[in-house]
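The entries follow the order in which I looked things up.

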Amino acid sequence: MTTESPTSSDQDVVDILTADHQAMLELIGEIKQATNAELRRDTVDTVIAEIVRHSVAEEMQVYPAMKEYLPNGAEEVEHDIREHKELDEVMKRLEDVPADDGRFMQVLDELEAHLRHHVSDEEDEQFPKLREHIPTEQLREMGEKVEKAKHMAQTRPHPNAPHSQLYHKTVGAGVGMVDRLRDKLTNRKTD
């Protein structure tokens, strides 16, 4: 008996965000195993870009639905936004530490701890509520919108920027374009 993995059309927003979480945590594991500073830097740039894109997509597409459909959704969104701000601050610090500096691994451990806490909140508490309160087809549509949002999102942390749907839909797209241009010009790895 073979098990088929779900196709992208079968995946909903919860499947997509959960896969993102797993990929981000795996990248952090790769950084910890890396034996040279260049590989650590390239991989940390990739994980930072993934976390930022993921966060922007959640703020644009998932948080409005949480506010609308989940009991205490607004409070949960505020909690998540605080966690995104904390992640941004840690990622900004990590960007500024050379990969061969002893502080690099300390800041990476801090990022991992914040990320694991955030992942746990979402996967253990919020994602089951999304599936309980939002119809399957709408969750699939949200998943498609999340994927599109990630393609337009920033790739660098901007701790002082607002964490709101309005910001991401207006100014954020331009900031994302500038980030992607900077990434190309500096050969920063983001995939």
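**Entry 1: residues with positive phi.** I began with Asn187, which in this predicted model sits in the segment after helix H6 (165-186). I noted that its phi is near 60°, a positive value in a residue that is not glycine, and that Asn187 is exposed, with a relative accessible area of 59%. I then turned to Asn72, which I found in the loop between H2 and helix H3 (73-96); the phi of Asn72 is likewise positive, near 60°, and at 54% relative accessibility this residue counts as exposed, because the cut-off is over 50%.

**Entry 2: Met177.** Going back into helix H6, I looked up Met177, which counts as exposed at 55% relative accessibility.

**Entry 3: helix H2.** I took H2 as residues 37-69, which makes 33 residues, and from its first C-alpha to its last I read a reach of 45 Å, close to the 48 Å expected at 1.5 Å a residue. Where is the kink in H2 centred? I find it at Glu59, with a bend of about 40°. At the start of this helix, a side-chain oxygen of Asn36 comes to within 3.1 Å of the backbone nitrogen of Glu38. I also wrote down that 24 of the 33 residues of H2 are buried, so the helix is largely enclosed by the rest of the structure.

**Entry 4: Asp45.** Leaving aside neighbours within four places in sequence, I list Arg188 and Lys189 as the residues in contact with Asp45.

**Entry 5: helix H1.** For the 21 residues of H1, I compared the 30 Å that they should span at 1.5 Å a residue with the separation of the end C-alpha atoms, which is 30 Å and therefore agrees. At the start of H1, I saw a side-chain oxygen of Asp12 reaching to within 2.9 Å of the backbone nitrogen of Val14. The buried residues of H1 include Val13, Ile16, Leu17, Asp20, His21 and Met24, and what covers the buried residues includes H2, helix H4 (102-133) and H5.

**Entry 6: H1 against H5.** I next looked at how helix H1 (residues 13-33) meets helix H5 (residues 136-152): their axes come within 7 Å and cross at roughly 40°, and H1 and H5 are therefore oblique to each other. On the H1 side, I list Val13, Ile16, Leu17 and Asp20 as making the contact, and on the H5 side Leu139, Met142, Gly143, Val146, Glu147 and Lys150.

**Entry 7: Arg131.** My last stop was Arg131 in helix H4, which is partly exposed at a relative accessible area of 41%. Not counting residues up to four places away in sequence, Arg131 touches Asp12, Val14, Asp15 and Leu139, and I noted a polar contact of 2.8 Å that joins the side chains of Arg131 and Asp15. For Asp20, which is 111 residues from Arg131 along the chain, I read a C-alpha separation of 18 Å.

Terms used: Residues are numbered from 1 along each chain as its sequence is written. This is a predicted model: local features need pLDDT of at least 70, side-chain atom pairs count only at pLDDT 80 or more; totals for chains, interfaces and linings use all residues. Side-chain values use heavy atoms; hydrogens and water are left out. Helices (H or I, at least four residues) and strands (E, at least two) are DSSP runs, numbered from the N terminus. The expected span of a helix is 1.5 Å times one less than its number of residues. The bend at a residue is the angle between axes fitted to the seven residues ending there and the seven starting there. Buried means under 20% relative accessible area, exposed over 50%, partly exposed in between (1.4 Å probe, protein chains only). A polar contact is a pair of N or O atoms within 3.5 Å; within protein, one must be able to donate a hydrogen and the other to accept it, and residues adjacent in sequence count only if both atoms are side-chain atoms. Axes are lines fitted to C-alpha atoms, for helices over the stretch in contact, and angles run from 0 to 180 degrees between N-to-C directions. Angles under 35 degrees count as roughly parallel, over 145 as roughly antiparallel, 65 to 115 as roughly perpendicular and the rest as oblique. Contact means heavy atoms within 4.5 Å.
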